Each structure stands twice: as C-alpha cells, then as structure tokens.
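Let's take a walk through a protein model and look at how some of its side chains meet. Keep the picture open while you read.

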Amino acid sequence: MPCRVHRALPRRRHCLLSRPQDCSASLELDNKRVKSLYRRAQAYEALDKLSEAFKDLKLAIHIDPKNKPAIVAARRVKDALAAQIQDQSPVAQTVRELTADDTLADRRIALLKSLIGTTVDDVGSSLEVLRRQGLPVLWEITKATNSETEAHLAIRCMASMASHVPVADALIAELSLAEIVGLVEGYPALAVGAVGLLLRLLTKCSKPQAVAAGGGEADGTLSTGELEAAEVGRCDVAIDAWAAAMASSEAEVRDAALDAVVNWCSEEAPKWATPVPEEDARRLPMSERKAVQEAEARWKAVIGVRASRVCQSVEVAMAMFNLLDSESSSERQKALAAFGRVAAAIPDPEMVQTLLEPILSASPGTGGDLSFMRRKAALASAMFLAHQEVGVFVLGRSTAVQELVMLISSGDDIGTAAAAETLCLAASNEQGRALLAPVIESGTLDALLDSPNARARSAAASAIAKLGVASKALDTNSSDTDRLLNTAMLLLKGAEDVEQQEGKKLDAAAAAEDQANSARVTTERAVEVIAALITKSAVKDEIAHGSGRCTQALPRLCAACKDGRSAVAYGLAHIFASLTVTNKDVQRRQLAEKEMDITPEQLEELQRITKQKNDDDEEEDTPQRVAFRTQKIVQNDGIRALVRLADGASESTQLQVAMALRQIAVEVPVRGSMVQHGAFRVCSDLASSPKASVKCVREAAWCLGKILVTTNPNVLTEAQRLDAIPPLMRLLKDHHADELMHFEALLGLTNLASVDDATKNRITSEKGGVRALEYLQFSDHELVRRAATECMTNLLPHPKVVEHLRDPEKIKLWVGFSEDYEADFPTARAAAGALAMAVGLDDEELTETLVNKSACIRAFVGLLSCGHPELVHRAGVGITYLADIPHAVTKLKKEGAVPALKKLVKAAKKDPTKWAAVQGVVAGALEAVEAAKEADPSEVIVEVDDAGDFDISEGK
C-alpha cells in the first residue's frame with residue numbers, strides 16, 4: 001500500500017492518469033487513510049480536476065482536523081476552484097466575446113442586450129463586469145463611431161450597472177464625467193443615453209454622511225461645508241450636460257434633460273438623512289432627534305445647492321424658460337414641472353426671487369411679446385405651485401396682471417390657457433386674490449367661462465369658485481353658482497369636449513397629445529369646482545340627482561375615479577365624503593375635533609347673529625336627503641369608485657375614502673353591496689395600514705363595525721372575518737373613539753364571535769382582548785356596557801373567558817348585571833345567559849366560584865320571580881345544571897328555588913301564552929331539583945360573615 005501511495009506523488013511526472021487510481025486502490029484497503037486522500041487530491045489538482053481534489057481534502061480534514069498540509073492545500077484549491085467557476089460565468093464569457101476581434105456585429109448587439117438584462121437588478125453581476133475589465137470594453141464601444149446601435153447599448157449597459165451604489169462609485173472613479181458631457185454635446189444619437197448615464201452616476205453614487213463642523217472627522221465623514229463643496233464640483237459637470245441637452249434640436253434629448261433636472265433636484269435622501277416619521281421621532285432621545293433633524297437639514301442644503309446652480313446657469317434657466325412656450329404640450333408640462341421642482345428645492349423664497357429676476361427682466365427675444373408673456377404666465381403658475389409667495393412676487397410685478405388680460409384677449413389658445421391657469425392658482429392664495437381685482441372688474445374672468453378653450457374655461461370656473469367661497473359671495477340660487485355647475489358638468493365630459501377646440505397651429509401628433517393633457521386638466525378643474533361648491537345642501541342634491549339647471553354629475557364623477565395616484569383623487573374622495581353626510585354632522589365633527597364646548601345649534605345661532613350664515617342656505621340637510629344621495633351613489637357604482645380611489649392613495653385621500661365608506665355604511669340596505677364590491681376589504685386594509693393616519697384607521701375600523709352589525713358573518717370568507725378582528729379590537733382600546741364607535745365595534749365582534757372557534761381564538765388572542773371587553777363593561781354608556789357583556793357571552797366557552805370568570809370579583813359584576821333587569825333588561829339577559837352557560841361547563845374551579853364564592857344561586861332564584869320569560873328561561877337552565885351538584889342543591893332549596901319553580905308552573909298553566917316558551921324548562925328544573933340528592937349535612941360547612949349572611953359549602 002505505501003508503494004502505491006508514493007508512486008502517486010505529483011513530483012513524479014510520469015503516468016499522470018494512473019496516479020488517482022493508485023490512491024483509490026490504497027483507499028479501498030483503508031478508506032480513512034489521510035495520506036492517500038491527500039496524495040489523490042494532489043494528483044487531481046495536477047490534472048486540473050479541482051472539484052474532486054477539494055472533496056478529498058475536505059474528507060481528509062474531517063478525519064484529521066489538525067493536518068496543516070491538507071488545510072493549506074484545501075484553501076489553495078478552493079480559491080482556484082472559485083476562480084475557475086467565475087471564468088466560466090455568463091458575465092465572463094460575455095466580456096471575452098465582446099473583446100474578441102472575430103465576434104460579429106449581430107452577436108455583439110445580442111451580448112450587450114443580455115448584459116443589460118443581467119446587470120440591471122444584480123449588483124454582483126455588475127461588480128463582476130468591473131472585475132473582468134468590462135468597463136474599458138464598454139467605453140471603447142461607446143466611443144467607436146462605426147455602430148450607433150452598439151454605442152447606445154453600451155451606454156445603457158453602463159447606466160444599468162450604475163443603478164447600484166458600489167458600482168456607481170467605481171464608475172465615477174474610472175470614467176471621465178467630462179467625456180460623458182462630450183457625448184451629450186457631440187453625438188446627438190447618444191445624447192439621451194449619456195444624460196441617463198450621468199444622472200445615474202450623480203444620484204446613485206454614495207453620499208458620505210456629513211457631521212457638524214469640528215466633530216467626528218476621525219471616521220472619514222465630511223463636514224457640512226465640505227459636503228456642499230463636493231456637490232458644487234459635480235454640479236458644474238451636470239449643468240454643462242443639462243445645458244447641452246436642452247439646446248438640442250431633438251425633442252427626445254430635451255425631454256431627457258428636463259426629466260434629469262427634476263430627478264436630480266428631487267433625489268431621495270441617503271440612509272443617514274432619511275426623515276423619521278413624527279411618531280417614531282417623538283420616541284427618540286432629544287440628542288438623537290436633534291441629530292436626525294440636522295442630517296435632514298444637511299441633505300436639504302445639498303439639494304438646495306443643485307437647484308440654485310440650475311437657476312444661476314443662464315443657459316439652463318433660459319432654456320427651461322423658453323421651453324415653457326414649446327409647441328409640444330408635453331414639453332411645456334415638463335418644463336413647468338422642472339421649474340417648480342427646482343424652485344421648491346430652494347428653501348429660501350427670497351433667494352428664488354433673486355434668481356428669477358434676470359429671467360423676468362430679459363428682453364422678449366425672437367418669439368416676440370406674445371411668446372414672452374406666455375412664458376411668464378407659465379412661470380408664475382410654476383412658482384405658485386412651488387412657493388406661493390414667489391408666485392405672488394411674479395404676478396405682482398408692474399405689468400404682470402395686465403399681461404394676463406392681454407393674453408386672454410389675444411385669442412391665442414396656449415396663452416389663454418396659461419393665463420387662466422395662473423388666475424386659478426392665484427385665487428387659492430389670499431395675497432394672490434388681492435392682485436386679481438383688475439381681472440375681475442374688467443369681466444375678463446367671467447368671459448373665460450364662455451371660452452372655446454376647455455382648459456381656460458375649467459381654470460376660470462375653478463378660480464371663480466375659489467374667489468366666491470373665499471368671499472362667501474356664492475349663494476345656492478345665484479347665477480354664478482348656476483354657471484359654475486353647468487361649466488363643471490360640461491368639463492367632466494373630458495376628451496369629448498376638448499376635441500372641439502384644439503390649437504390650429506399644431507400638427508396631428510401634437511394635437512392628440514394636447515387633447516389628452518387637456519382632458520386630464522379639465523377633469524381636474526371640474527372636480528375642483530364641484531369640491532368648492534359641495535358644502536351647499538342644494539348643490540349636493542343637484543350633483544346626485546340632477547336638476548333643471550344642471551345634469552346629474554354622479555356617473556361622470558364615478559367614471560373619473562381611476563386610482564388614488566391621480567391628481568383628482570383627493571377632490572373626488574372629498575366630494576363623496578360630503579355627499580354622504582349632513583352639514584350638521586360635519587359641524588359636529590369639527591367641533592368635537594377642536595374640543596369646543598358648543599353645540600351645532602348654538603353655532604348656527606351665533607352665525608345668524610353675526611350674519612355669517614346665508615339666508616338661502618336655510619334648508620336643513622336632513623338624513624333622509626343623505627339616504628337618497630347614498631342610494632344614487634350605490635346605483636352609479638360609487639362603492640367600486642371609492643375602492644379604486646383607495647389604491648395607492650395619499651394619507652389625506654385615504655382618510656376621505658374611509659369617511660365616505662363609513663358614512664355610506666350608515667344605510668343598512670347597502671352594506672351587502674359594500675361587501676360584494678370590495679369596500680369591506682379596503683376598510684380592513686386601511687385599518688391595518690401603518691401608512692394610514694390615526695383618523696383614517698379609526699374611520700375604517702368603524703366602517704367595519706357598522707357593516708358587521710347587520711351582515712351575516714357566514715357570507716364572509718374566513719380571511720375577511722379574521723382580518724376584521726384586529727382593527728375592531730384596536731378601536732375598542734382607542735381612548736379617542738366615542739361611545740358610538742365602541743358600541744358598533746362591539747356589536748360587530750359579537751356577531752363574529754358567534755361563527756366558530758377560529759374567530760373566538762382571534763378575538764381573545766389579541767393583546768389585552770378580554771381585558772378591553774371587561775373595561776368597556778364599566779362604561780358610563782348603557783349601550784356600550786350591554787354590547788361588551790353580549791360580546792363576552794358569545795365568546796364562551798373559550799378558555800380565556802372561562803379563566804376570566806373564575807375570579808370571584810369578576811363574577812360579582814355579572815351577577816349584578818343579571819339582577820339589574822329593571823334598569824337595563826338587555827344587559828341582564830346577556831349576563832344571565834352567560835352565567836347559565838358557565839354553570840353548565842365542565843370546569844371544577846369555575847363551578848366552585850359560581851356555587852360557593854358568589855351570589856349566583858341567589859340571583860338565579862331571584863330571576864324566577866322577575867316576570868320576564870327570557871330571564872326565567874336562563875335562570876331555569878342554570879338551575880337545571882346546578883341540580884347535578886349536591887351542595888348546590890342544598891343552597892337552591894335554602895334560597896327557595898322549589899316554591900318559586902312551583903309558582904311558575906302554576907302561572908304557566910293560567911297564562912300559557914306568556915309562559916309557553918319556558919314552561920318545559922321550568923318544569924324540568926323543578927323535577928331536577930326535587931329529584932336531586934342534597935349534600936350530607938355532616939359534610940356541609942355553614943359560614944357566616946360579619947353582616948350576618950351565611951354561605952354553605954361542601955366539607956372536606
């Protein structure tokens with residue numbers, strides 16, 4: 001055997017193929033011989049069979065963990081094996097093929113596309129491209145002029161790699177950003193890809209955490225000033241690229257530049273500067289909270305540097321300003337969004353005003369005065385959206401308002417729409433409204449309601465509605481309200497109305513684009529108008545039912561509900577929430593939220609005295625009118641519309657949706673439709689969403705409770721039943737919820753608890769579940785006490801409720817409820833039923849509590865003479881169960897159960913109509929007690945307390 005092993009030594013170069021066999025022959029005689037395994041591994045390594053070599057070395061080390069030569073060899077072979085595997089990876093093969101001279105063009109294109117797909121979501125593949133020296137290969141392909149397709153794909157590949165932070169850092173270190181800018185300037189076909197690559201590099205590269213000046217420099221972080229200085233250096237490169245792209249004659253390149261500016265000036269904060277939710281921030285120590293706030297401020301300063309440099313760059317700022325008057329509606333909208341985003345990123349409004357001064361003071365240029373006025377009107381709109389005070393500054397310049405009037409009078413479609421949009425936004429601001437006096441006095445704003453331009457008409461209607469609401473000048477029956485409603489109804493037609501009045505100068509493609517944008521904007525403005533007027537009762541009815549002065553709007557409003565991400569989502573949800581509630585209920589809710597000690601009636605009288613209430617709004621918005629409107633909403637598929645609005649909605653929109661659904665659920669007949677159309681599921685989701693506001697969670701849970709009050713829980717799926725329980729339990733523990741919320745949540749849980757053990761388990765497994773129900777049994781409100789007691793009764797015989805009842809102090813409450821039937825009969829009925837069920841359970845400890853440590857028997861006997869058949873029935877059932885317990889029988893007879901039962905038997909014969917339902921139970925109880933065996937007197941202990949009351953228990 002040793003001879004074969006030594007013959008397999010790798011230093012002997014003859015007969016390589018025979019060496020593994022020699023060692024294998026040796027191992028057949030002794031499979032745990034480490035030397036044979038080690039020699040065979042050396043032979044495999046020499047033959048480049050690394051996988052087999054590594055297996056032998058692992059086995060050798062397992063047998064002899066201290067064998068140093070085997071350990072060293074295993075590490076060497078493992079590294080070689082990893083390198084071999086990497087050499088065979090798809091990325092390595094792709095890079096090799098791209099560098100090969102004989103690779104065909106079609107194959108190179110296919111390889112580049114494959115590399116894009118591999119690296120876009122996989123940081124490991126991207127890093128492997130760098131390790132395989134793939135970046136120089138991609139860059140050479142990009143600079144080569146023989147194939148634009150390959151160059152474009154190479155740029156896309158680098159951009160996909162740059163979506164990962166460590167790769168972006170490596171690319172910035174190896175690539176020349178100036179050369180990327182050169183691609184934007186010198187190669188139009190590659191400009192879009194180059195802009196995208198540069199944006200990825202600038203936004204995905206790591207941002208070192210800044211620290212306060214003088215602190216923490218040992219960890220390699222930058223101070224605030226150093227962080228901003230580093231950002232300024234990159235800003236110079238970015239500004240050059242954006243300026244070159246915006247000067248391009250290709251619309252696609254300009255669009256890419258505008259998108260890049262928006263994304264660059266709204267980059268998501270790095271991890272160290274991510275804002276902490278307010279609730280979480282309150283739990284942090286003061287020092288940590290201050291550090292978080294400082295980090296957020298530092299990142300805002302970085303974004304502010306970028307935005308300031310954009311405005312300071314004459315080339316970029318003027319290019320964006322000129323694009324505000326582009327023939328393309330999409331390009332105008334992107335330029336407007338870019339200006340708004342840049343201005344919003346600068347925290348100081350006065351700085352924004354200073355930066356805008358050169359633009360506003362520039363000469364009209366080649367476009368003429370009309371084009372210059374259109375651009376200034378659009379700029380004012382952007383500023384109102386970003387900083388309202390800056391919008392007031394732009395509109396407050398000497399001739400700005402007169403220029404808006406001139407634009408409207410010019411008949412130019414783009415100019416009229418831009419001016420009307422500015423007027424609409426200005427009407428939302430108190431200082432802006434003051435500037436609009438010349439427009440109102442000249443009748444220009446009213447004239448816009450008859451404009452053939454749908455966007456202008458919609459903006460004017462919204463402006464008039466805002467001005468009217470602000471000044472409280474719009475009466476329900478006024479002609480202005482009439483015109484606004486009619487205008488809003490027409491605008492809701494969307495694209496049908498827009499097609500009749502598109503700009504004559506636009507080509508077919510641009511006209512189609514304008515039509516789509518106009519339809520969206522007109523719908524937004526129509527919703528704004530209706531939302532402004534919806535507080536008036538008569539307007540609510542007209543929107544729901546239609547009238548002689550306007551058509552029914554509900555079908556179009558429901559059709560406009562696409563999803564919660566749309567710009568009109570909040571307005572639509574607010575309209576539905578207003579339609580489904582009376583104005584008095586709205587006032588009552590507002591007063592409760594403000595904790596004002598005044599009733600809605602007192603507030604109404606105060607408004608009359610101070611003349612803040614209009615005479616034409618005297619008519620009360622009654623619950624009956626709300627019910628009719630709710631029926632119309634359901635008939636027009638409004639529940640599904642609200643379900644769609646909840647998808648991806650903002651926090652404020654979610655609240656309005658939850659309020660609308662909860663108010664719809666007031667109408668009992670529609671609750672089944674709410675389950676069928678998805679409203680129940682949406683409320684469960686909202687009530688459990690960590691992103692929803694506290695009010696939204698409360699409203700959604702309340703809606704669940706309302707639906708469950710009258711809905712058969714068996715028609716729900718098991719998932720629906722179980723998902724509804726946690727929100728309802730949280731609502732019970734919500735100290736800010738009122739008694740009605742608690743009452744309906746309890747009724748819903750009572751209904752669910754009657755289904756099966758799964759629902760009982762879910763209710764009791766909630767943290768503090770049984771304790772919360774017990775707490776509400778002590779509520780000051782009679783209905784809440786009753787509902788809590790009924791819910792606990794329905795949870796029997798769950799072990800946790802049984803454990804709760806084993807406590808004599810807890811039983812006292814139940815006995816007290818059962819005896820208080822004159823004051824609260826339903827609660828007494830529930831409590832008596834629970835006691836009867838508890839007596840029938842096979843639980844010795846609970847039975848001991850009920851018989852010997854409480855007045856349960858006395859309560860049962862007392863209920864026999866209460867005169868209520870339902871209570872007598874429960875007492876009779878309980879007494880029947882007690883008859884099986886000897887010492888309980890003694891107590892029953894001592895308390896007078898037999899005479900009371902005999903009396904009831906006679907009463908049942910005299911008045912069978914009243915007592916027919918309980919006659920059998922009473923007779924059975926009497927028979928059971930009379931036939932029962934009493935406890936042996938020698939085994940009975942009589943205990944007398946200080947008050948002279950006695951208690952009988954079984955002796956030991």
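**Side chains that meet**

Let's start with Arg-132, which counts as partly exposed because its relative accessibility is 23%; buried means under 20% relative accessible area, exposed over 50%, and partly exposed in between (1.4 Å probe, protein chains only). Before we go on: this is a predicted model, where local features need pLDDT of at least 70, side-chain atom pairs count only at pLDDT 80 or more, and totals for chains, interfaces and linings use all residues. Residues are numbered from 1 along each chain as its sequence is written, and side-chain values use heavy atoms, with hydrogens and water left out.

Arg-132 has a salt bridge with Glu-128, and their closest N and O atoms are 3.8 Å apart. A salt bridge here is a side-chain nitrogen of Lys or Arg within 4 Å of a carboxyl oxygen of Asp or Glu. Glu-128 is buried, at a relative accessible area of 10%. The structure holds 34 salt bridges, so let's visit a few others.

Look at Arg-306 and Glu-267: in their salt bridge, the closest N and O atoms are 2.7 Å apart. Arg-306 sits in helix H17 and Glu-267 in the loop between H15 and H16, so this pair ties together parts 39 residues apart in sequence. (Helices are DSSP runs of H or I with at least four residues, numbered from the N terminus.) Arg-306 is buried with a relative accessible area of 0%, and Glu-267 counts as buried at 12%.

Next, Arg-374 and Asp-412 form a salt bridge of 2.9 Å, N to O. Both Arg-374 and Asp-412 are buried. There's also a network of salt bridges that links Glu-421, Lys-466, Arg-525 and Glu-528.

Now find Lys-376 in helix H21 (residues 368-386). Is Lys-376 buried or exposed? Lys-376 is buried, because its relative accessible area is 15%. Its side chain joins that of Glu-403 in a polar contact of 3.1 Å; a polar contact is a pair of N or O atoms within 3.5 Å, where within protein one must be able to donate a hydrogen and the other to accept it, and residues adjacent in sequence count only if both atoms are side-chain atoms.

Finally, the rings. The structure holds three aromatic pairs. Trp-242 and Trp-264 have ring centres 6.0 Å apart and planes at 70°, so they pair edge-to-face; rings of Phe, Tyr and Trp (its six-membered ring) pair if their centres lie within 6.5 Å, with planes under 30 degrees apart counting as stacked, over 60 as edge-to-face and the rest as tilted. Both Trp-242 and Trp-264 are buried.

Technical notes
Helix = DSSP H or I, 4+ residues; strand = E, 2+ residues; numbered from the N terminus.
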